[in-house]
Amino acid sequence: MTKLSVNINKIATLRNSRGGDLPNVVQFAKDVQRFGAEGVTIHPRPDERHIRYQDAYDLKPVVYTEYNIEGNPIPKFVDLVLDIKPTQVTLVPDTEDAITSNAGWDTIKHKDFLIDIINEFKRNGIRTSIFVDPDLRQIQGAKETGTDRIELYTEAFAHQYKLGKKEGIDPYMECAGLANTLHLGINAGHDLSLDNIKFFKENITGLLEVSIGHALISESLYFGVENVIQMYLHRLQ
């Protein structure tokens, strides 16, 4: 069964929009785990416009499933991850002003940089994953960095699927096949939803984990968080 990690950035965005501490991100993390989620993901950005660096520390004692911290490995982020030592760090090459992640790593161009960063995290017992586009060259490049896993950037698939073009899954299937051959673990995320997750999971061999935030929180406005988590778990069986 593919694990579901819930990205709680949107809960922090809602909290920050009014100030104060409602909704409380720590309580929300406790609740999604109680409802069946098998991980909690956060993506702190330098401007702290949603998840704050202090949130990362506050969540550490309550995440008893898998704690996944995503972000661009600038020095402040690296220090945070090394201090907290989450289950997994996912390296994402987003710019400081990015609204959301919009591209994977060029694992060939940035090979040496990624090797150094990944080695540092692995020396500290932190599982590593790097965000990549569905490109066979980038998968091969990822293997050469020493990463434990890749996270397939699924926006292109989600867009094609919404248009009824199921062939949008093809490059992801090819990349998953190569990753499995190279003994790279496979995660996936970005624009996965209740509508497309079952089809994606059924076609990606070896899919270990999906990280879902925006869609899951949006769907929960209609169906409730506990129900939505159970709906995802059912589709991921």
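The bridge partner of G39 in β3 is E66. This is a predicted model, in which local features need pLDDT of at least 70, side-chain atom pairs count only at pLDDT 80 or more, and totals for chains, interfaces and linings use all residues. Residues are numbered from 1 along each chain as its sequence is written, and side-chain values use heavy atoms, with hydrogens and water left out.

Strand β2 (residues 39–42) pairs with β3 in the parallel sense over 4 bridges; pairing requires at least two DSSP bridges between two strands. Helices (H or I, at least four residues) and strands (E, at least two) are DSSP runs, numbered from the N terminus.

Strand β3 (residues 66–71) has 6 of its 6 residues buried, so it is largely enclosed by the rest of the structure. Buried means under 20% relative accessible area, exposed over 50%, and partly exposed in between (1.4 Å probe, protein chains only). In a regular strand the side chains alternate between the two faces of the sheet.

| Direction from β3 | Residues | State |
|---|---|---|
| One way | E66, N68, E70 | buried |
| The other way | Y67, I69, G71 | buried |

T128 lies in strand β5 (residues 127–132) and is buried, with a relative accessible area of 0%. Beyond its neighbours within four places in sequence, T128 is in contact (heavy atoms within 4.5 Å) with V89, I118, F121, K122, T147, D148 and R149.

The crossing of helices α10 and α11 is right-handed; a crossing is left-handed if the near helix is turned anticlockwise from the far one by less than a right angle, and right-handed if clockwise.
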